[in-house]
Amino acid sequence: MKNDVLWLLARTALAASTHVPRRVLVRLGAALGAVAYHVLPSVRRTALENVARAFPELAPCARGALVRKTYATLGAHLGDVVAMLDPSRPLRPLPFADGARACMIRAIAEGRGVVFASAHIGPWERVAASLVVRGVPLTVVAREAYDPRFTAIYDRLRGGRGVRAIYRGARGTAARLLRTLRRGEVLGIPMDLASRVPSIDVPFLGVPAPTAVGPARLALRTGAAVVVGTAAPAGDGHVVVTMTRITTADLDPTEAGERTLTARINEELSRRIRAMPEAWVWMHPRWPASA
């Protein structure tokens, strides 16, 4: 019954938003995020604890200010995602930072596919759509929603913008991942959240955290290039897509190599989150309770 109620509310909200301008949806989303900060105390507590782990030097009042800003920022991005669900609205692709597109093109040109490690920083759905608009053959690895009806909304969001998806729980997922790389295409894998997949403990934002080892394993066993890419601050209040190539030539396809590569990816993702902390999902239970 709870799922049915949530689904009905979501359908009603999405239907009502069809004719609402994007800028209004973004403002409404920011307001909703501010409300969520006040009415969800347990989730707010998780966010404050995570900020304290990553930024122990911050005073409690500064941590609280960062978390409040995070809720509003992510709420605004939710409004942007709702706007993207309407295929009749023209996409506003994010610009690429200097050298970002060239970094990706060089990696693709090597012909062994690209493991594109990313994170939930800022408008991450717009990042994927922006890559596709600029000719990047992107397929993202995604997790199914707890309710299949919401998975259909994700499919509508991504598919409507040309972003293909492979769901972790689907049959034949491993074979599809390999085929994507063998075709020389780009496999987008978010690596910043805890998930129920084979993981190893490596530093994330300065604290050991269970991190999916699959991306490193795929890259080292197939010879695929590894690129980290996310939204990043442009310095003028806007965001751009940036790319960083991760070195793998010195690594072997062993457990030690997988651990080293996973740590390198986490180090780059951590650097990016620290550069734009208000745009990351601090309310996610990223670390075990005892960490």
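**Note on the predicted model: cysteines, sheet and aromatic residues**

1. C61 has 60% relative accessibility and therefore counts as exposed; C103, at 8%, counts as buried. The classes are buried under 20% relative accessible area, exposed over 50% and partly exposed in between, with a 1.4 Å probe and protein chains only. Zero disulfides turn up in a search of the whole structure, a disulfide being a pair of cysteine sulfur atoms within 2.5 Å.

2. On the basis of these values: the model is predicted, local features need pLDDT of at least 70, side-chain atom pairs count only at pLDDT 80 or more, and totals for chains, interfaces and linings use all residues. Residues are numbered from 1 along each chain as its sequence is written, and side-chain values use heavy atoms, with hydrogens and water left out.

3. An open sheet of six strands runs in the order β3-β2-β4-β1-β7-β8, with mixed pairing. Strands (E, at least two residues) and helices (H or I, at least four) are DSSP runs numbered from the N terminus; two strands pair if DSSP finds at least two bridges between them.

4. Within this sheet, β1 (residues 114–118) pairs with β4 (residues 186–190) in the parallel sense, over five bridges. F116 stands opposite G188 in β4.

5. Helix α7 (residues 148–159) packs on the sheet and touches β2 (138–142) and β3. The direction of α7 makes about 150 degrees with that of β3. Contact means heavy atoms within 4.5 Å; axes are lines fitted to C-alpha atoms, for helices over the stretch in contact, and angles run from 0 to 180 degrees between N-to-C directions.

6. Five aromatic pairs are present in the structure. The ring centres of W280 and W282 are 4.8 Å apart and the planes stand at 85 degrees, so this pair is edge-to-face. Rings of Phe, Tyr and Trp (its six-membered ring) pair with centres within 6.5 Å; planes under 30 degrees apart are stacked, over 60 edge-to-face and the rest tilted. W280 is buried, at 0% relative accessibility, and W282 is buried, also at 0%. One aromatic cluster is formed by F55, F204, W280, W282 and W287.

7. The cluster member F204 has the charged end of R286 over its ring, 4.7 Å from the centre. Elsewhere, the charged end of R44 sits over the ring of Y37, 5.3 Å from its centre. The criterion is NZ of Lys or CZ of Arg within 6 Å of the ring centre and within 35 degrees of the ring normal.
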